Amino acid sequence: APFVAQPTTMTTITEPDVRRLIGKLVEFPRKRNSDPVALWIEALSLARLGLRDPHEVEALYDGDVDGFAAMLPRYRHELSRSRSVDYDEQIVRAIEILLTDVTARAAAQRACRVLLVDEFQDLTPAHHLLVSLLAGPDACVFGVGDDDQTIYGFNGADPQWLIDFAQHFPHA
């Protein structure tokens with residue numbers, strides 16, 4: 001309470017677990033003084049939090065994450081199979097639940113009548129969608145931030161959310 005209970009309890013995994021899971025799904029050339037897994041983690045964030053097409057994300061990396069578009073659904077399936085989520089998957093799954101479960105969305109909106117969102121300039125498209133879904137039609141959102149301090153552009157954060165705040169949340 002006050003949210004609708006979900007049928008499955010999930011375990012949140014950390015970056016070392018994410019790295020191990022990616023390592024099971026992708027073969028990497030071994031190179032001294034390099035971290036090829038970091039690019040895959042970055043691509044996972046860009047696709048999920050940036051709400052970007054996986055093929056488009058794969059193309060952005062000029063061959064460094066070949067096969068990413070095929071790997072992403074396998075990665076998500078493996079998370080689901082093991083009843084696990086990483087940070088980004090928590091956001092994506094919450095959005096999926098709010099978009100598909102009317103009862104869960106209504107309960108969440110009742111519980112989130114007023115939202116305070118700090119560092120609003122660092123919202124990704126997925127974060128912005130999550131806030132919008134939670135806020136509901138009344139959209140009583142209090143956003144705090146500085147459009148000159150966006151630090152998460154690599155995964156889709158955009159200071160424009162803050163600049164255009166009044167357009168996105170006219171009842172704020």
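Helices (H or I, at least four residues) and strands (E, at least two) are DSSP runs, numbered from the N terminus. This is a predicted model, in which local features need pLDDT of at least 70, side-chain atom pairs count only at pLDDT 80 or more, and totals for chains, interfaces and linings use all residues. Residues are numbered from 1 along each chain as its sequence is written, and side-chain values use heavy atoms, with hydrogens and water left out.

Start with the whole chain. It has nine helices and four strands. Along the sequence they run β-α-α-α-α-β-α-α-β-α-β-α-α. The C-alpha atoms fill a box of roughly 55 × 40 × 25 Å, taken along the principal axes. Of the 172 residues, 39% count as buried. Buried means under 20% relative accessible area, exposed means over 50%, and partly exposed lies in between (1.4 Å probe, protein chains only).

Next, contacts and surface. A contact means heavy atoms within 4.5 Å. Take the contacts between residues at least 6 apart in sequence: 67% of them join residues at least 24 apart. The chain exposes about 10100 Å², and carbon and sulfur atoms supply 53% of that area. Accessible areas come from the Shrake-Rupley method with a 1.4 Å probe; for residues, only the protein chains shown count as cover. The chain has 16 positive and 26 negative side chains. Lys and Arg count as positive and Asp and Glu as negative, while His and the chain ends are not counted. The centres of the two sets lie 11 Å apart. Each charge is placed at NZ of Lys, CZ of Arg, CG of Asp or CD of Glu.

Now look at helix α1, residues 15-25. V18, L21 and I22 are its buried residues. Seen down the axis of α1, they fall within an arc of 100 degrees, so they line one face of the helix. That arc is the one spanned by the directions from the helix axis to the C-beta atoms. An α-helix has 3.6 residues a turn, so residues three or four places apart point the same way. The face of α1 turned away from the buried side carries the exposed residues R20 and K24. Cover for the buried residues of α1 includes α2 (36-49) and α4.

Helix α4 spans 68-81. A70 lies in this helix. With a relative accessible area of 46%, A70 is partly exposed. A70 and S45 are 25 residues apart in sequence and 15 Å apart in space, C-alpha to C-alpha. E78 is also found in α4. At 17% relative accessibility, E78 counts as buried. The E78 side chain makes a polar contact with the side chain of R81 (2.4 Å). A polar contact is a pair of N or O atoms within 3.5 Å; within protein, one must be able to donate a hydrogen and the other to accept it, and residues adjacent in sequence count only if both atoms are side-chain atoms.

Phi of R83 is near 55 degrees, a positive value in a residue other than glycine. Most residues other than glycine have a negative phi. R83 counts as exposed, at 52% relative accessibility.

Helix α6 covers residues 102-111, and its buried residues are A104, A107 and A108. They cover an arc of only 100 degrees around the axis, which puts them on the same side of α6. The face turned away from that side carries the exposed residues V102 and R110. What covers the buried residues of α6 includes α5 (87-100) and α7. D101 caps the N-terminal end of α6, with a side-chain oxygen 3.1 Å from the backbone nitrogen of T103. A106 also sits in α6. It is partly exposed, with a relative accessible area of 30%. A106 and G67 are 39 residues apart in sequence and 38 Å apart in space, C-alpha to C-alpha.

Finish in the loop between β3 (115-117) and α7 (125-135), where T124 has its place. T124 is buried, with a relative accessible area of 0%. Its side chain makes a polar contact with the side chain of H127 (2.8 Å). E119 lies in the loop between β3 and α7 too. E119 has a positive phi of about 55 degrees although it is not a glycine. At 38% relative accessibility, E119 counts as partly exposed.
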